[in-house]
Amino acid sequence: MSKVKSLEELMKIKEQALQNIKMRESGKRGKIVVAMGTCGIAAGAKDTLKAIVEYLNEMKIDDIAVVQSGCMGLCEVEPTIEVALEGQEPIVYGNVTPENAKRIIQSHILEGKVVSDLVVKRGEV
């Protein structure tokens, strides 16, 4: 592990640790964060969010929280989502259409395989 170089960096680490604890306490093994900033909504994030919720319900997956956030700052690849599973580095996916959302849930959530062609970033946004 690298050295912490600033108070801001330390606070970010603390926030991530608290989120992981909260996720465990809620009985969820992970979460999907859907960016719902203006750019995301314009690119179709509402349809993506709806598809994620519907597919999780259809597959009877109830240990994944679905959360909305503001803009992730990745406007050129909206709609974007972040998949954060307990004990794994978060993956940010871009150009997540409803069809791509289903692929991500099937591959990443159910099979544990990252959908490489849609990855925009690994780690925290």
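Axes here are lines fitted to C-alpha atoms, for helices over the stretch in contact, and angles run from 0 to 180 degrees between N-to-C directions. With that, take helix H3, residues 45-58, and helix H4, residues 98-111. They pack at an angle of about 40°, and their axes are 8 Å apart.

A word on the source. This is a predicted model, where local features need pLDDT of at least 70, side-chain atom pairs count only at pLDDT 80 or more, and totals for chains, interfaces and linings use all residues. Residues are numbered from 1 along each chain as its sequence is written, and side-chain values use heavy atoms, with hydrogens and water left out.

Back to the pair. H3 and H4 are therefore oblique to each other; angles under 35 degrees count as roughly parallel, over 145 as roughly antiparallel, 65 to 115 as roughly perpendicular, and the rest as oblique. H3 passes H4 in a right-handed crossing, meaning that the near helix is turned clockwise from the far one by less than a right angle.

Which residues of H3 and H4 make the contact? From H3: Asp47, Thr48, Ala51, Ile52, Tyr55 and Leu56. From H4: Pro98, Ala101, Lys102, Ile105 and Gln106. Contact means heavy atoms within 4.5 Å. By class, the residues of this contact are 7 nonpolar, 2 polar and 2 charged.

Now the whole chain. It has 4 helices and 5 strands, in the order α-β-α-α-β-β-β-α-β. These are DSSP runs: helices (H or I) of at least four residues, strands (E) of at least two, numbered from the N terminus. Of the 125 residues, 38% count as buried, that is, under 20% relative accessible area with a 1.4 Å probe, protein chains only. Take contacts between residues at least 6 apart in sequence: 62% of them join residues at least 24 apart. The chain exposes about 7,400 Å², with carbon and sulfur atoms supplying 53%.

Next, the backbone in the loops. Where is the cis peptide bond? It joins Glu78 and Pro79, with omega about -5°. Pro79 sits in the loop between strand E2 (64-69) and strand E3 (81-85).

Two positive phi values to check. Lys60 is not a glycine, yet its phi is about 60°. Lys60 lies in the loop between H3 and E2. Lys60 is exposed (over 50%), with a relative accessible area of 72%. Asn95 has phi near 55°, also positive in a residue other than glycine. Asn95 is in the loop between strand E4 (91-93) and H4.

Key: Ala, Val, Leu, Ile, Met, Phe, Trp, Tyr, Cys and Pro count as nonpolar, Asp, Glu, Lys and Arg as charged, and the others, Gly among them, as polar. Accessible areas come from the Shrake-Rupley method with a 1.4 Å probe; for residues, only the protein chains shown count as cover.
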